[in-house]
Structures are given as C-alpha cells and as structure tokens.
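User: Please go through this protein with me, taking the overall fold and then the metal sites.

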Amino acid sequence: MADKRYRVGYALAPKKVSSFIQPSLLEYAASHGVDLVSVDPSKPLTSQGHFDCIVHKFYDDDWKLQLEAFTAENPDSVIVDPLEAVEKLHNRVSMLEVVSKLKLDRKERAEIPRQVVVSDSAELKQSTAVKELGFPLIAKPMVANGTILSHKMYLIFDREGLAELEEAPVVIQEFVNHGGVIFKVYVAGGQVQCVKRKSLPDIPEDKLGTAPLKGSLPFAQISNLADGDVDASEIEFAGVEMPPEGFVEEVASGLKEAMGLHLFNFDVIRDGRDGNRYLVIDINYFPGYAKMPNYEPILTGFFLDLLGEKKEGGEKGVKEASDRDIVG
Ligand SMILES: O=P(O)(O)O[C@@H]1[C@@H](OP(=O)(O)O)[C@H](OP(=O)(O)O)[C@H](O)[C@H](OP(=O)(O)O)[C@H]1OP(=O)(O)O
Ligand SMILES: Nc1ncnc2c1ncn2[C@@H]1O[C@H](COP(=O)(O)OP(=O)(O)O)[C@@H](O)[C@H]1O
Ligand SMILES: [Mg+2]
Ligand SMILES: [Mg+2]
C-alpha cells in the first residue's frame, strides 16, 4: 500500500463515467494511492475540496472559467489537459497538422492521407483540387466535437457522388486501401498501448464505378454491401502483423510532445500498396480507455508518473515513483 495518497478529480459526461470509471479502476488506483473522485461541473470547482489533478472532457465556456478560477487558487494542481491543446482536436485539419511535423529516423513513415477542405457544397461540383485526389474518396465533417454528426461520413466513388454531397464544411480525403484493419494507439502520458480493430474493407479498383460502388455511400450502409463488392471476406484479421513497437512509440511520443496532451489515442492504417507507409487518420481526446487491455494499471501508472513528477521534479523521480508503486 502506498503511503502518499493523491486525489484526482474527474469531470466527465455520464456516458464517459459509466465506461471509464469501472470499479476495477477505482479499486486498483486506490490500492496504489490514487483516489478518483467525481467532480460536479455544475458546482464551483473551488468548493469541491483539494485536487492534486483534474482530468476532464468538457469544453464549454463555463467550464473554461471554472478551470481558470481553480488554477488561480491552486497553482500546484495539474489540469489534464489544457483546453487550448484539446481544442486542436476538434477540427479534422488542425488535428492532423502535427503529424506532418514529426521527424522520424526510420524506414516506416508516418503520414496523413492527401486531403482537401471544401467549405461550401457548390465548390464540390467544380473543385479541381478535389478531382486531383482521384477516387475512391472519403468525406468527413470538418468538426470532430463528439456529436453524432461529427462522425457522419461518406465513401465517394465517382464525380456524381461528389456532386451529391451536401455537407460542408467537409474534409475530402483519399481512401487508402489498408486490408480492413486499423491500429488504435492509446496514449496516457508515457504509457502506450497499440490494439488492432476491424476497419472498412478494401475497395477493389476494378469494381470502382460499377454498381453498387457508384455515387456515394454513407458509412452506416457499408454493411449492406455484399462480400463480393468489397474485399471483406478476405480479411485474415488474426494474422495481420502489428506495426513495429518502436515506430508506434516514436509516433506516440512525438505527437504527445507536439500537441502538449497526455490523454489521447490515434487511429493508424497501413497502406496496402506500401507496407512502410502508415497514415494517421484520426486523433481522439480522452478515448475509450476501458477497451484497452490493462487499462487499470496503465491509467494508475499514468497518474503516479504525473503526480510523482510534480512532487519530485524530473524524469528520474517519475520512473522511481511509478516502479515502486506499481510493481507487485
Ligand atoms: O465511447 P467509446 O469508449 O467508444 O470512446 C470513443 C472513442 O472510441 P475508441 O476508444 O477510439 O474506440 C472514439 O474514437 P473514434 O473517433 O471512434 O476513433 C472517440 O474518441 C469518442 O469520442 P468523441 O465522440 O469523438 O468525443 C469516444 O467516445 P466518448 O466515450 O468519449 O463519448
Ligand atoms: N483515409 C482513409 N482511408 C481509408 N479508411 C479510412 C480513412 N479515413 C477513415 N477511414 C475509416 O473510417 C473510420 C472512421 O474514420 P475516422 O477518421 O477515424 O473518424 P471517427 O472520428 O468517426 O472515428 C476509420 O476507423 C477507418 O475505418
Ligand atoms: Mg476514428
Ligand atoms: Mg475520432
């Protein structure tokens, strides 16, 4: 049992509380000296007791003011993460800008899909920039603010599909065949965990433009396609190789430093035509950590690292604190 106790407040929507705050996490964290305590965002934060750290997934102006007032009174408490840094992830363009700045010295590359922003739907019919991307394409709402609409996407197979699209502003991205498997990399400070998930199936080039791969298709309807239309049946999910660990860790730590964020995940696909070309397609703030294997020790380790670092100062103190508290 750890001697020092830390009080960590969480300010999360009810849905997030029910997925993230599992009894197994509360118990594991408590037995390692971290007490996770619910914060009521409708009451003044400054009147809810002492917090060594606040984790949150709220962005409204009232909450912003709450955090400012709390920080002014408690300069030693840590807010995870700063709102300005989180807000960059609410736009699908600013979200990925940071990927282009990564400097990796490896054979694997971390890129983003070629993409164009269209701010007005009339532009979709004319834009030569969009046509230069070729087909198939994927259309994503510009905003990524957690609403249902922000996840509403379309596959676009041809010019007609492009012209049909009414949503704007929208990000039009090249659709990259990637063997139907996506890698989700969960980051919690220095802790990194990569998992494999099923993704959209490959779109065979020779079937493009023939029914049913004509016009556009909202994602929700992708399951209506027969296996013969796409390469779904060929997916050998279990046998798909994971990206090299060192590569995943370098990208995770580069993104973490460049974005100034501790709690996020990113979605990566591997180009089916070039096994060293990895594309980061999505970065999510405070994702569904409970779906990640070992989430209890990983999150607990993150809190101990963060708070140990604050107390002892410097990386060495952090490592010693977490090793001592977590092992066994
Ligand atoms: O609900 P979950 O556990 O699936 O988590 C969602 C994430 O799933 P993931 O961990 O990447 O599989 C999900 O990731 P994706 O965008 O689906 O890749 C989002 O982070 C989502 O948050 P928001 O709707 O964008 O604010 C996350 O939703 P919230 O729980 O934050 O509402
Ligand atoms: N450029 C792309 N090429 C191929 N598949 C993609 C591409 N972008 C997204 N996808 C697929 O669409 C899914 C949703 O896109 P994503 O950008 O992750 O949005 P969301 O924020 O809703 O998760 C991904 O999990 C992946 O299966
Ligand atoms: Mg995603
Ligand atoms: Mg997302």
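This is a predicted model: local features need pLDDT of at least 70, side-chain atom pairs count only at pLDDT 80 or more; totals for chains, interfaces and linings use all residues.

Analyst: Residues are numbered from 1 along each chain as its sequence is written, chains are lettered from A and ligands numbered from 1 in the order in which they are written, and side-chain values use heavy atoms, with hydrogens and water left out.

User: What radius of gyration does the protein have, against that of a compact globule?

Analyst: The radius is taken over C-alpha atoms, and the globule rule is 2.2 Å times the number of residues to the power 0.38. For 328 residues a compact globule would be near 20 Å, and the value for the protein, which agrees, is 22 Å.

User: What share of the residues in the protein is buried?

Analyst: Buried means under 20% relative accessible area, exposed means over 50%, and partly exposed lies in between, with a 1.4 Å probe and protein chains only. Of the 328 residues in the protein, the buried share is 48%.

User: Which residues coordinate the magnesium ion (ligand 3)?

Analyst: Donors are N, O and S atoms within 2.8 Å of the metal (3.2 Å for Na, K and Ca), and sites may look incomplete because water is not among the atoms. At 2.1 to 2.2 Å, the OD donors of the magnesium ion (ligand 3) come from Asp267 and Asp282.

User: Where in the chain do Asp267 and Asp282 lie?

Analyst: Strands are DSSP runs of E with at least two residues, and helices are runs of H or I with at least four residues, both numbered from the N terminus. The pair links distant parts of the chain, 15 residues apart, with Asp267 in strand β13 (residues 263-270) and Asp282 in strand β14 (residues 277-285).

User: Which residue bridges the magnesium ion (ligand 3) and the magnesium ion (ligand 4)?

Analyst: The magnesium ion (ligand 4) is coordinated at 2.1 to 2.7 Å by Asn284 (OD1) and by two OD contributions from Asp282; Asn284 is partly exposed, at 21%. The two ions lie 3.7 Å apart, and the residue that bridges them is Asp282.
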